[in-house]
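Try each task yourself before you read its solution.

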Amino acid sequence: MLLDETPLFEPSLLQELDWSSNMVSFSPPLSPSSPGEGLVLRPLCTADFNRGFFKVLSQLTHAGDVTPEQFTKKFEHMKATGDYYVVVVEDTNLGQIVATATLITEHKFIHSCAKRGRVEEVVVSDVCRGKQLGKLLVSTLTLLSKKLNCYKITLECATKNVTFYQKFGYTASDETYMQCRFSD
């Protein structure tokens, strides 16, 4: 099985974001092309399986026991659809993933067959919290959804995180989030 550096999506999408329309400030300044000393923000690749990608995800929720084969198969499916944008922050000194977030685009019939963006699985490793990486990830995915011509972008969050997401222009909707869970 080959775990390589092939990106999930075209990295130039991140480099071409109009960072001047970003809604939040960073101190010190950060951007997708300059995420901090020794850090790189980029698309997920299969080699990230061995760089602690699941270790970071497990700090958010139950990630499960995933084999390299399962990971590669899911990665290839996501890449083939072209609707998944998983970004990671890698600490190049450690060779480890320290943060990740996902943008999924949904194709709709409504709004003249538009796309909707959905932010999922935003997590920063406990060893890197306080370095503005969560802000960087959410800003990046918000601008990316705009670049991809989504008519809106949504996310689900715990009540305690509402003020954090409001900084990016997110507002609570009148809709109620409901679920029917089949397993953990």
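The exercises below use a predicted model.

**Exercise 1.** Find the order of the strands in the open sheet of 5 strands, and name the edge strands.

Solution. Start with the order, which is β1-β2-β3-β4-β5, with mixed pairing. Next, look for strands that pair on one side only: these are β1 (39-43) and β5 (150-155), the edge strands. From one strand to the next, the twist averages 20°.

**Exercise 2.** Work out in which sense β3 and β4 pair, and which helix lies across the sheet strands.

Solution. Take β3 (residues 96-107) and β4 (residues 115-124): they pair in the antiparallel sense over 8 bridges. As one example, L103 has V119 in β4 as its bridge partner. Now turn to the helix: α5 (residues 133-147) lies across β1, β2, β3, β4 and β5. Helix α5 runs at about 25° to β3.

**Exercise 3.** Decide whether E90 is buried or exposed, then find salt bridge partners of E90.

Solution. Buried means under 20% relative accessible area. E90 has 11% relative accessibility, so E90 counts as buried. One partner is R42, with the closest N and O atoms 2.9 Å apart. Because E90 lies in strand β2 and R42 in strand β1, this pair ties together parts that are 48 residues apart in sequence. Another partner is R51, where the closest N and O atoms are 3.7 Å apart. R51 lies in the loop between β1 and α2 (53-57), so its pairing with E90 ties together parts 39 residues apart in sequence. Finally, salt bridges that share partners join E5, R42, D48, R51 and E90 into one network.

Definitions and conventions
Residues numbered from 1 in each chain as written. Predicted model: local features only at pLDDT ≥ 70, side-chain atom pairs only at ≥ 80, totals over all residues. Heavy atoms only, no water. Pairing = 2+ DSSP bridges. Helix = DSSP H or I, 4+ residues; strand = E, 2+ residues; numbered from the N terminus. Axes fitted to C-alpha atoms, helices over the stretch in contact; angles between N-to-C directions. Contact = heavy atoms within 4.5 Å. Salt bridge = Lys/Arg side-chain N within 4 Å of Asp/Glu carboxyl O. Buried < 20%, exposed > 50% of the residue type's maximum accessible area, 1.4 Å probe, protein only.
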